[in-house]
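Please examine the structure shown here alongside the briefing that follows.

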Amino acid sequence: MEKIQLGTNGPLVSKIGLGCMRMSSVWGGPTNDETESVATIQQALDSGINFLNTGDFYGAGHNELLVGKAIKGRRDDAFISVKFGAIFDNGHMLGLDIRPVAIRNFINYSLVRLGIDTIDLYQPCRLDNSVPIEDVIGTVADLIKEGKVRYLGVSEITPAQLRKANSVYPVSALEIGYSLADRQIENELLPTAKELGIGVVAFANTAEGLLTGDMKAPLPAGSYQAHFPRFQGEKLVKNLEKVEVLKKMAKDKGFTPTQLAIAWVNAQGDHIMPLVSMSRRSRLPENLQAMEIVFTPAELEILNSTFAPGAILGGTYLQR
């Protein structure tokens, strides 16, 4: 398994990460098959994927319990990344709580649910103006000194916030949405992370299904993607026309559009990790194979021009 270093002096972890969110009921939907989810995590570890990404609010703690069950007896095989700070109620996000006293409360619950003594990478899921950055990052830095955390991460923040956080304590990893369809971070955030020597953990490689080649317009009633402009009406129709280019290239190369979407993210740099969500073992071979795909310069030119920054109508699905 190829490795990536998170941060200038950070750990070496697998170049592809396993996102565990979809194994739990996050948005109010049904929880996936726990037995299959645990088996997926364990088979991922067997395959050399050691980066496991979860959040204390995924399924109101269910996801951490699941990860804890999967890594029991093989703690040294896993690198555990945990996000904190989001407050949910029945699948609806109410806001953030990133007060120092809340962070200290959150981590103790996470350690118990995971069944471990130390979290490898701990990160606020987002930063806002409710608490000074110095207080949030300073609290995690204190937890590192106390041995409850090994490395500091951050998620979904601005370049200015990233610089400020890194000035308080060295940031090892930035978790952010990144795909052919979501390239707005290339202007400033990605260069800032690279300048500061911070690894990038890139989630949503298929832009919530847009790049899988399976999406059709209009979306089914009740689809959560329908809340975002890019998946609505004529915007979705136009966006799917661009996806046809990806589908054709995938067919010509003998892969799936999803594999090419992951491979494109992987090709963006040695400091960038595709974080791929899986809840079934059957997905593992396909996603691991995606990490071996090589593009010709001509193929990259086609993809980069078709999916140039701003080419996808309706903005990013991450906009709030």
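This is a predicted model: local features need pLDDT of at least 70, side-chain atom pairs count only at pLDDT 80 or more; totals for chains, interfaces and linings use all residues.

Residues are numbered from 1 along each chain as its sequence is written, and side-chain values use heavy atoms, with hydrogens and water left out. Helices (H or I, at least four residues) and strands (E, at least two) are DSSP runs, numbered from the N terminus.

**Asp120**

- Asp120 belongs to strand 8, which spans residues 119-124.
- Asp120 has a relative accessible area of 4% and is therefore buried (buried means under 20% relative accessible area, exposed over 50%, partly exposed in between, with a 1.4 Å probe and protein chains only).
- The side chains of Asp120 and Arg75 are joined by a polar contact of 3.0 Å (a pair of N or O atoms within 3.5 Å; within protein, one must be able to donate a hydrogen and the other to accept it, and residues adjacent in sequence count only if both atoms are side-chain atoms).
- A polar atom of the Asp120 side chain also lies 2.7 Å from the backbone nitrogen of Ile80.
- With neighbours within four places in sequence left aside, Asp120 is in contact with Arg75, Ala78, Phe79, Ile80, Arg150 and Tyr151, where contact means heavy atoms within 4.5 Å.

**Helix 8**

- Helix 8 covers residues 257-266 and is mostly covered, as 10 of its 10 residues are buried.
- Among these buried residues are Pro257, Leu260 and Trp264.
- The elements that cover the buried residues of helix 8 include strand 11 (199-203), helix 7 (233-253), strand 12 (272-277), helix 9 (284-290) and helix 10 (297-306).

**Helix 3 and helix 4**

- Helix 3 (residues 100-114) packs against helix 4 (residues 133-145) at an angle of about 40 degrees, and their axes are 9 Å apart. Axes are lines fitted to C-alpha atoms, for helices over the stretch in contact, and angles run from 0 to 180 degrees between N-to-C directions.
- The two helices, helix 3 and helix 4, are therefore oblique to each other (angles under 35 degrees count as roughly parallel, over 145 as roughly antiparallel, 65 to 115 as roughly perpendicular and the rest as oblique).
- Pro100, Ile103, Arg104 and Ile107 of helix 3 meet Asp135, Val136, Thr139, Asp142 and Leu143 of helix 4.
- The residues of this contact between helix 3 and helix 4 comprise 5 nonpolar, 1 polar and 3 charged (Ala, Val, Leu, Ile, Met, Phe, Trp, Tyr, Cys and Pro count as nonpolar, Asp, Glu, Lys and Arg as charged, and the others, Gly among them, as polar).

**Helix 5 and helix 6**

- Helix 5 (residues 159-168) and helix 6 (residues 189-196) pack at an angle of about 20 degrees, with axes 9 Å apart. Helix 5 is therefore roughly parallel to helix 6.
- Pro159, Leu162, Arg163 and Asn166 of helix 5 meet Leu189, Thr192, Ala193, Glu195 and Leu196 of helix 6.
- The residues of the contact of helix 5 with helix 6 comprise 5 nonpolar, 2 polar and 2 charged.

**Asn239 and Arg283**

- Asn239 lies in helix 7 and is buried, with a relative accessible area of 0%.
- Arg283 is located in the loop between strand 12 and helix 9.
- Not counting residues up to four places away in sequence, Arg283 touches Thr258, Val276, Ser277 and Met278.
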